[in-house]
Amino acid sequence: MTEHTTLPKGITLRELAERRAELDLPRLLGNTKALVFRPIGEQCPIYLTPAEGDPSSYPLGAGETSVYDREQIGDGGALAEAVVVLLTPTHRNLHEEQVLVGRALSNDVRLVSPSVSKVHVRFELDEGEWKLRDDDSSNGTRINGVKLDPLRPYGLRPGDELAIGDVVAIYTDAEGLLDLVDLVSK
């Protein structure tokens, strides 16, 4: 069973930095993983709907990439407006050990972009670790720039850059999220 937290849905890194004193993020997050979505221009990449790795499976040739231009981080830049979404199932999804991502209402995380399929990807909990599977989407999914084979699960590591259609996110854990909050706070 997955953990559930009370972090506000769709909170930005800027808001997390401002509320850091009142939120005990390590305790609040525990082992819950998060997705940090880069804004698309001025637009939030997700619909704010109310909430009621195995290394052998990792894509070969995946390189180190960054969603954010490091020169923008000094003043917060695009990083501050990145939206944090916890990787937890909602009441819309009947699969407790999966988190569905796409445009359809039945997804746990609904993305705004027309490049995203109705059900684009699914995160599957496998022996306590999240794996990502492209659900045979029209525009594909990438991990660190490497295109995924449809319907095959891939292991994830904190800090991985995910491209779901044209929507880009970082997969992270509590420690990585705190590092991003620290960058915004500077």
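Let me start with Glu81, which is partly exposed at a relative accessible area of 35%, and whose side chain meets that of Arg14 in a salt bridge, with 2.4 Å from N to O. Arg14 is likewise counted as partly exposed, at 34% relative accessibility. Please keep in mind throughout that this is a predicted model, and that every distance I quote is computed from it.

In general, side chains of opposite charge can pair when their charged atoms come close. Here the count comes to nine salt bridges, and I will go through some of them. Arg20 and Asp182 meet through their side chains at 2.2 Å, N to O; Arg20 is partly exposed with a relative accessible area of 30%, and Asp182, at 30% relative accessibility, is partly exposed as well. Asp126 forms a salt bridge with Lys131, where the closest N and O atoms are 3.4 Å apart. Is Lys131 in that pair buried or exposed? Lys131 counts as buried, because its relative accessibility is 12% and the cut-off for buried is under 20%, whereas Asp126 is partly exposed at 35%. Finally for the charged groups, Arg122, Glu124, Arg133 and Asp135 are linked with one another in a network of salt bridges.

Asp126 belongs to strand S7, which covers residues 121-126, and the loop between S7 and S8 holds Glu127. Glu127 has a phi near 55°, which is a positive value in a residue other than glycine, and Glu127 counts as exposed, with 79% relative accessibility.

Seven strands form an open sheet in the order S1-S4-S2-S13-S12-S9-S10, with antiparallel pairing. Which strands stand at the edges? They are S1 and S10, and each has a single partner strand, so one side of each is left without a neighbour in the sheet.

In soluble globular proteins, nonpolar side chains tend to be buried together. The largest nonpolar core in this model has 23 residues, and those with the most contacts inside it are Phe37, Leu111, Phe123, Leu132, Leu162 and Tyr171. At least two residues of this core are supplied by each of S2, S4, S5, S6, S7, S8, S12 and S13, and the largest share, three residues, comes from S13. Apart from this core lies another, of 22 residues, which includes Leu13, Leu16, Leu29 and Val36.

Next, helix H5, which runs over residues 174-185 and has twelve residues. At 1.5 Å a residue, the helix should span 16 Å, and its end C-alpha atoms are 16 Å apart, which agrees. The buried residues of H5 are Ala174, Gly176, Leu177, Leu178, Leu180, Val181 and Val184. As background, an α-helix has 3.6 residues a turn, so residues three or four places apart point the same way.

I will end with the confidence of the prediction. The chain averages a pLDDT of 78, and 75% of the residues score at least 70. Where is the pLDDT below 50? That is the case over residues 48-76, a stretch which, beyond near neighbours in sequence, has 60 contacts in the model.

Definitions and conventions:
Residues are numbered from 1 along each chain as its sequence is written. This is a predicted model: local features need pLDDT of at least 70, side-chain atom pairs count only at pLDDT 80 or more; totals for chains, interfaces and linings use all residues. Side-chain values use heavy atoms; hydrogens and water are left out. A salt bridge is a side-chain nitrogen of Lys or Arg within 4 Å of a carboxyl oxygen of Asp or Glu. Buried means under 20% relative accessible area, exposed over 50%, partly exposed in between (1.4 Å probe, protein chains only). Helices (H or I, at least four residues) and strands (E, at least two) are DSSP runs, numbered from the N terminus. The expected span of a helix is 1.5 Å times one less than its number of residues. A nonpolar core is a set of buried Ala, Val, Leu, Ile, Met, Phe, Trp, Tyr and Cys residues joined through side-chain atoms within 4.5 Å. pLDDT is the predictor's confidence in each residue, from 0 to 100. Contact means heavy atoms within 4.5 Å. Two strands pair if DSSP finds at least two bridges between them.
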